[in-house]
Number of protein chains: 2
Amino acid sequence: MTNKTQMLTVQQAARLSHVSIRTLHYYHQVGLLLPTAQTKSGYRMYDKNAMKRLQHILLFRKLKFSLKEIRQMLDDPFFNEQEALEKQIALLEMEKQHTQQLIDLANALRKGDKIMNFDAFDESEMEQFKQEARKKWGRTAAWQACEKKNPADMQNAGKDMMQLFADLGTLLHLSPAHPAVQQQVQQLQQYITAHFYPCTNEILSGLGQMYAQDERFRQNIDAHGGPGTAAFAAKAIEIFTKE
Amino acid sequence: MTNKTQMLTVQQAARLSHVSIRTLHYYHQVGLLLPTAQTKSGYRMYDKNAMKRLQHILLFRKLKFSLKEIRQMLDDPFFNEQEALEKQIALLEMEKQHTQQLIDLANALRKGDKIMNFDAFDESEMEQFKQEARKKWGRTAAWQACEKKNPADMQNAGKDMMQLFADLGTLLHLSPAHPAVQQQVQQLQQYITAHFYPCTNEILSGLGQMYAQDERFRQNIDAHGGPGTAAFAAKAIEIFTKE
DNA sequence: GTTGACCCTGACGCTGCGTTATCCATTATC
DNA sequence: GATAATGGATAACGCAGCGTCAGGGTCAAC
């Protein structure tokens, strides 16, 4: 699947991305960017996906999010790349404008204006926007509950979850009450229980409603299972938990 | 001299400049921004000059200079505000442009371009420019030689030095060889010896040539002593050291 | 004279790496 | 196939630039 010729060593990855090797080591250490693979002798290897993740990381970093925040956002299985990019662009635009204000201030100072104006240094506006972004992108409650696990598990778990929804997406032509569908729901429940927390029927029911109502859940689920998967999942869960 | 009504407490200064009180404490601690005065009970008070210095600090900080670098630049008696502002503006423009590149990248990513391009994250260009700036603004050799002294002494010493040149500026109508002028030169030599390092005639001679040749010295000296002071000082020093 | 807002000085903690130091792996060269 | 050069790994320490208590003075108001 992964083309060996496309795998990069640390040094190559570092040069390409203009970060230090140490930084890659560190990002590995804190679970922010795991190498795609490691050779028998422990050498880190990075593929295109890893580099893409690194791009995202660097974008967030430029916007002054902490590494922990970045990890939480990127590892959230309901992370929505499109939306993230849009918000990032908005923030970058603010940043640019902000820099312009500083230029204006410097120009004023150069001309001798002795203005005691520090508004150009005020970053609360951006901070507020970032706060909203944090809320929007912040790890879901379910996800937050399991901070203990190691990073590799987390990142895999995210993919696994989405795989379950993808599988569900192949059953859209059936009734939500169909046994095959109901079995998928049960698998979801078991997966959550196994990896995060005991997922009672009650909790599962709550999740189902979230999937149907919250836009960000819906988008991400539909992205993996096809349009309508989220709504379908909600119905199926409702039936499952009512029994 | 300083109007009491214009003095700000830490909290007021912090609010005005949008930095934390802790930051002001810290800047005091490392000698980056000394309060204009302290009340008998130790309360820090900041006047307009201090706030202006803070503006400069924040500008430099935005450009990612370290606090130590900032202090060295601002405390250098040959610091040239005009030139600094120009360079800062240039750097800010670069920064803005840089942000724009990231916006472009994000837009490309949003449209699905799977470009493996990290050039937008490359800051070496800016770094290089900053290096030049460092050289230009970096503490002069003389100044660097005396890292030991405490910050208050440093900042005062800068002003005192310039006062000597200002005094010299009042003697421009005389011959450089005039006793009054020569005495000023001797005072300069003594001041340097007392505050920095033993200033032999040879060293003094070297300084004189620097004053005459280096544009940044010339500008700063002339700014305090009036046009022609630097050249005048150079001549006077030459005469002084030849005896 | 006491309350509340404000100030101080430590001192410890944290993030995001830079910087050795020391040792294994791989490759190129002889 | 020996050896040097190059590249990789881990471990450990260090540092800047503050945030964040903890413990304790000050000062105006009431």
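**Polar contacts.** I began at the interface of chain A and chain B in this predicted model, where the rule finds 10 residue pairs in polar contact, both residues at pLDDT 80 or more (a pair of N or O atoms within 3.5 Å, one able to donate a hydrogen and the other to accept it; residues adjacent in sequence count only if both atoms are side-chain atoms).

**Elements.** Helix 5 of chain A gives the largest share, 18 residues.

**Salt bridges.** I looked next for salt bridges (a side-chain nitrogen of Lys or Arg within 4 Å of a carboxyl oxygen of Asp or Glu) and the rule finds 2 across the interface. Glu123(A) and Lys62(B) form one, at 3.6 Å from N to O.

**Extent.** I noted 40 residues from chain A and 40 from chain B in contact, meaning heavy atoms within 4.5 Å. About 3,800 Å² is buried between the chains, 70% of it on carbon and sulfur atoms (accessible area, 1.4 Å probe, lost on being put together and summed over both parts).

**Symmetry.** I then laid chain A on chain B: RMSD 0.1 Å, with a turn of 180 degrees and a shift of 0.0 Å along the axis (least squares on C-alpha atoms of residues with pLDDT of at least 70 in both). The copies are thus related as by a two-fold rotation axis. Lys96(A) has the C-alpha nearest the axis in chain A, 2.7 Å from it.

**Conventions.** Residues are numbered from 1 along each chain as its sequence is written, and chains are lettered from A in the order in which they are written. Local features need pLDDT of at least 70, side-chain atom pairs count only at pLDDT 80 or more, totals for chains, interfaces and linings use all residues, and side-chain values use heavy atoms, with hydrogens and water left out.

How values were computed. Buried area is the accessible area (1.4 Å probe) that two parts lose on being put together, summed over both. Helices (H or I, at least four residues) and strands (E, at least two) are DSSP runs, numbered from the N terminus.
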